[in-house]
Amino acid sequence: MKISVIGCGYLGAVHAACMADFGHDVVGVDVDVAKVAKLAAGIPSFHEPGLEPLLKQGVEQGSLRFTTDKTLLAGARVHFIAVGTPQRGGSYAADMSYVWSAVDDIIANATPHPDGPIIVVGKSTVPVGTAGAIAERLAEAGVDAVVVWNPEFLREGYAVQDTQRPDRVVYGLPDDRERGEVGRAVVDEVYAPIIEAGTPRLLVNYPTAELVKVAANSFLATKISFINSMAELCDASGADVSRLAEAIGHDDRIGSKFLQAGIGFGGGCLPKDIRAFMARAGELGVDQSLTFLREVDSINMRRRDHAVDLAAEMAGGRLVGVKVAVLGLTFKPDSDDVRDSPALDIAGRLWGRGANVVATDPAGAEAVRQARPDLQIVDSADEALVGADLVMLLTAWKDYVDLDPATAKSLVATPRIIDGRNVLDPRAWTEAGWDYRGMGRRSSSIW
């Protein structure tokens, strides 16, 4: 089937490559000339495990093209909208300009299909009410189209897996059952390998589909901030938040996932999604239903303050002139994404308080060099550790988690470490002679 994917950033590029791998004829359309040139050569513009081989395969086989030419939308049966919805400047609300631009591109360039209405599939995370508004605009423009809202649930570092082998798929369908069945059948055909694998498929109305992604992200953010608030209590009381999380995680009503205390969440989704969710609730007149998310956001930002304050405490009260080795700058491992990264924010705050920050990251270093030329970025953990007065592990890259404490001690000036992700073994580091501090846990308990 001929498919277009409008927007070839993180979501769109992954989706286009995966759909080509499913056997479809895919054209990805984006306005960024440099990005399109790289993708057209089979080179991703970001770090994502497993993506580059799929891109190269699709490009070489001719089943995957990338272009800035919007007229190539013509002839496609299915048009995926995969553009970004960043936080609007000066507001919590989502910036929907890219979504509406994509809709206008479809109106201007899509052509009728002999097999029936074209199918416009929304992948972008949008405020509730968007799908219906898109359907109205297409109808007003005389485009015979069925809108299907199909939210994405990608985890950075696992995006290919999550696209091709998702744990569920959701279709938001119109109230017109006949046209909804047409949309369902066509999207089922696009996702044939997923459907044939027995993946749960939920058929819902537009508002429900639009709420699924933001509701899921809000729940995950709440769970993270909950355990981080427990970390604050553990710091005050001497308890160990990691053992606390382990104990409550055995309750199958709660589960152990997303109960890893640390410096908080970041990236391009959770922070902006919960803020946009609050903004939309306010527009709908039910802002009190999501006021708890303000505290979730507040707890999350407080973790960054706590990490910097803890660094100052361990350095003797002042950070001026203190050499701090920062291990990790991306918001999570296996990604080069530094958008709203707690690690990068903390590194910047340390620098702002006079610390001599030397930072490293396996994938995000180049992006940080461009975004923060004031920070000293080196290529390896060993380079960062040499002569350090304090070490801060802020992104749980495997290379950092597996560091040998004795070897690391031989490189630093003073063996002090803050485990911002609670991924190190406190006892091993303490026994190697380090002053260890985690987020809501110390190394003093024999248990």
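Predicted model: local features only at pLDDT ≥ 70, side-chain atom pairs only at ≥ 80, totals over all residues.
Reader: Which residues make the contact between helix 9 and helix 12?

Author: Helix 9 contributes Ser 218, Ala 221, Thr 222, Ser 225, Asn 228, Ser 229, Ala 231, Glu 232 and Asp 235. From helix 12 come Phe 292, Leu 293, Val 296, Ile 299, Asn 300, Arg 302, Arg 303 and His 306. By class, this contact has six nonpolar, seven polar and four charged residues.

Reader: How do you know that the buried residues of helix 5 line one face of the helix?

Author: In helix 5 (residues 130–140), Thr 130, Ala 131, Ile 134 and Leu 138 are buried, each with under 20% relative accessible area. Seen down the axis of helix 5, these residues fall within an arc of 100 degrees, so they line one face. In an α-helix there are 3.6 residues a turn, so residues three or four places apart point the same way.

Reader: What makes Glu 136, Ala 139 and Glu 140 exposed?

Author: Exposed means over 50% relative accessible area, and Glu 136, Ala 139 and Glu 140, on the other side of helix 5, are in that class.

Reader: What covers the buried residues of helix 5?

Author: The cover includes helix 4 (97–109), strand 5 (118–122), strand 6 (145–149) and helix 9.

How values were computed: Residues numbered from 1 in each chain as written. Heavy atoms only, no water. Contact = heavy atoms within 4.5 Å. Helix = DSSP H or I, 4+ residues; strand = E, 2+ residues; numbered from the N terminus. Nonpolar A, V, L, I, M, F, W, Y, C, P; charged D, E, K, R; others polar. Buried < 20%, exposed > 50% of the residue type's maximum accessible area, 1.4 Å probe, protein only. Arc of directions from axis to C-beta.
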